[in-house]
Amino acid sequence: MRNILFRRVLVLVLLVSMVAATLGTAAADEDWYSYTYNFWKDEVESPDTYAVTNTLFGTDFGEEVGHLNNPAGLFIIENHIFIVDTGNNRIVEVQKVDGEYQLVRVINHLQVSEELAEIMKIQGGAITLTLNGPEDVFVRVKTQESLVEDYGEYLGTLYDDPASHQEETPATDATTETGEASTEDAATATEDAATEDASTEDTASTEDTAEDSSSSGEDGEAVDENGSDESASTEEGGSADGSEDGSEDGAASDNGASAPAPVAWHENVVKQELNLEYDIFIADTQNHRVIHCDYNLNVIGVIDDPKDDTIDDNFVFLPSKIVADTANRLYVQATNVNSGLMEFDKVGAFISYCGANKVELTVSEKIWRRIQTKEQKDRSVQYVPTEYNNLSLDSKGFLYVTTSTLEDDDIWGGTATPVRKLNSMGSDILIRNGNFYPSGDLNWGTAGLVKGASAFVDVIAFNNDTYACLDRTRGRIFLYDFQGNMLCAFGNYGQYAGCFTYPNAMDNLGEECILVVDKYGSITEFTMTDYGRLINNALAEYKVGHYDASAEIWKQVLKYNGNYELAYVGIGRALLRQGEYKEAMKYFKSARDDVNYSKAFKHYREEVVEKYIGWFLGGLAILIILPKLVRKTKKLRKEINEA
Amino acid sequence: MKAISGIGRFFVGIPAYFKGESFKHYLKTLRYAFYVILHPFDGFWDLSHEKRGSLAAANTIVILALLTNLWDMRFTSFMFNNTRWNRVNIFEVIASILLPLAIWVAANWSLTTLMDGKGKLKDIYIATAYAFTPYVIIGMPMIVISNLITSEEGAFYTYFNTFALIWSVMLILAGMMMTHDYGLAKGLVSSLLSVVGMAIIIFILLLFFSLISDAIGYVVSLVKEITFRVS
């Protein structure tokens, strides 16, 4: 009887456990637009921190712009937006004025003055450089010092008197001046156009088209047709030559004659608001060079063909992403370079690689490689350092870089660092104090073509040290604070507003606006919501040491989102500083923040011990003394009795 | 009426039981666990050969071990405790201790009968159960202590829990040696082989269950098909 019962119970337990095991925990694959990750790495729905406020296409900027073709880069300075329209070999400059996007101009060629051409050993003097597959642009405000410095030292050139440049007033002067330059140059250009094609090998990248044939964003044809290396050389004077060449810019050259100014301002531009003191760096990728020019598109220097012992002789320089820091160093992320970022000094000479990854083999890999024969080694996977794919500069001059060549397993395991912050020594100083490393999605499934880990392709750092990473895999943007906590993620793969199919780049327009450019030519504008602003303000208050004010804002955040762990930590921190240890513990426990909880608990424990130590010691004393006392009294009584 | 009187007699029996000889024996065998964990060789020898242990005490220790495990999940400070209660299946937790124990006992018995082991199934079970004692007597206080320490002092917590586990494993080894009257080498080998045996048993069980579920699935789909055709 007992045996049967026992057997039944055993079988029941077995069955239940088996069934339970098979049922398991089917993780809900929720698909919210905005979400955060909780302590358990579960996606938790979140209110939107950013909302889509606009979706723009090239045609929105006017007929002359037309559709964007695979725009690879985006750069925003003040209210100027530079869209690198790679497929059309141009850069479209747009301005946001009163909430409206207006075309400023289309940049597709740049001027090289005679003096500079001489120094660069370009025979035939002044020329025009056209862009070929540019992938990035970097613009910075020129300081008065850098202005003098640049013109004095860059490539050893002084192509223009810096003094006269400073006197320049915007637009009008600029056009006339460059116009003059072009007429001068025209003469020389006619000579060299025919003869120099072959002889300019050392500057193979710099094709010499007659400078003015190019001109103006207004003649759309020229914009589109320009650019291939072969289609060089037609100039307004020798139009006969031009037609013989059979190049498509015949029409453009006519236009050029009538409007010789290389910069044609769009009528919309609010001229007086333009700051001409910009430095523009253009990664002219397919021409293997980085061009440095001023805002009027006069070339200051060209960086191409870096020479160094560490660089292979047949290395092909394909600058993809560029950044110039305040010390005038230029950082270039070049395609197919996995030794880190290429660093150039202010005269355009290659200094070194910067921020290279270390390759670390695991023990088993080391042993395995020792056993392998040479042939096997050659055929096995090469252990190469990861290649960066983008970089950006924060307000304090630190570089943020992203890479997407990491193993999915590493990201899943939480040890990958696809986004890094590099100091001037090139070492990673990104703070990763969150529950997990900033690496995009923490868990993911496969849905059709969308599979694998997040692939960061761009990063922007805001003034308060929060940063946003753009994930190409799922078209998402991840926001992280200065401690590495994830603030929010939003976006998705798709065709509707706020989703991307192949996001290429993003940048911030001011502190509250993010623009993302997709391969298919759309530009999505996100604007911070009230909720996002609250989080931002709370972080800002905390950073400057206003902990109580920060906690007040976090309380408001909790009204929007009761699942926001950071808010609990924020409030807990304020309570901890106020000495409300028990309350603080409660908040830290809600967020499962064991470090802060321990801090609060330590104080709380002290408090409790201090409070009750008297009672405790008293009790102990009584426990020790009482038996003795009892014994003594007994003894005494005994003695008395005996006596 | 008969049932009621039965229940009545049962309750009347309770105080009598606690005063009875068998209860005293139970307490004595339970108390003997403390002797066993401190003098493993001597203790385990007497446990099986001198009948100083009892099945009731062994069951008690196993239940206490289960409780330790559950309370550890429930009451340990969150700093050292990553239990997600919305994903916990209590039967699974219980089975995750009871099943390996049962399989261990079965595997060990199957093996040692072939290796001249002196222990019976019951002896193996009792010895294994008694070896859980350190896990209980260290684990239980650590649950309380975990709530009194900070995360920096967590090393202390981890150290004691690891210590308890190692102690328990050593005790199982000593228990097997004494129960089966083995030397150290044979004890080690038989224990290791028992672990292999456990893996084989689990494999066969899984195979069995998957075949059964396939068979059930077949019948279910057959029935569905027929009902679909009929209606």
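Chain A is divided into domain 1 (53-105 + 495-528), domain 2 (358-493) and domain 3 (529-643), with bounds taken from an automatic or database domain assignment. The model is predicted; local features need pLDDT of at least 70 and side-chain atom pairs pLDDT 80 or more, whereas totals for chains, interfaces and linings use all residues. Residues are numbered from 1 along each chain as its sequence is written, and side-chain values use heavy atoms, without hydrogens and water.

The mean pLDDT (the predictor's confidence in each residue, from 0 to 100) of chain A is 76, and 72% of its residues reach 70 or more. Over residues 151-266 of chain A, pLDDT is below 50. Where pLDDT is low, the predicted coordinates should not be read in detail.

The C-alpha centres of domain 2 and domain 3 of chain A lie 39 Å apart. Contact between these domains (heavy atoms within 4.5 Å) takes 9 residues from domain 2 and 8 residues from domain 3. The buried area is about 760 Å², of which carbon and sulfur atoms give 60%; buried area is the accessible area (1.4 Å probe) that two parts lose on being put together, summed over both. On the domain 2 side, Asn464(A), Phe482(A) and Leu487(A) lose the most area to domain 3, together 61% of what that side buries.

One salt bridge is found across this interface, the term denoting a side-chain nitrogen of Lys or Arg within 4 Å of a carboxyl oxygen of Asp or Glu. The side chains of Asp465(A) and Lys543(A) meet in a salt bridge at 2.8 Å, N to O.

Definitions and conventions: Chains are lettered from A and ligands numbered from 1 in the order in which they are written.
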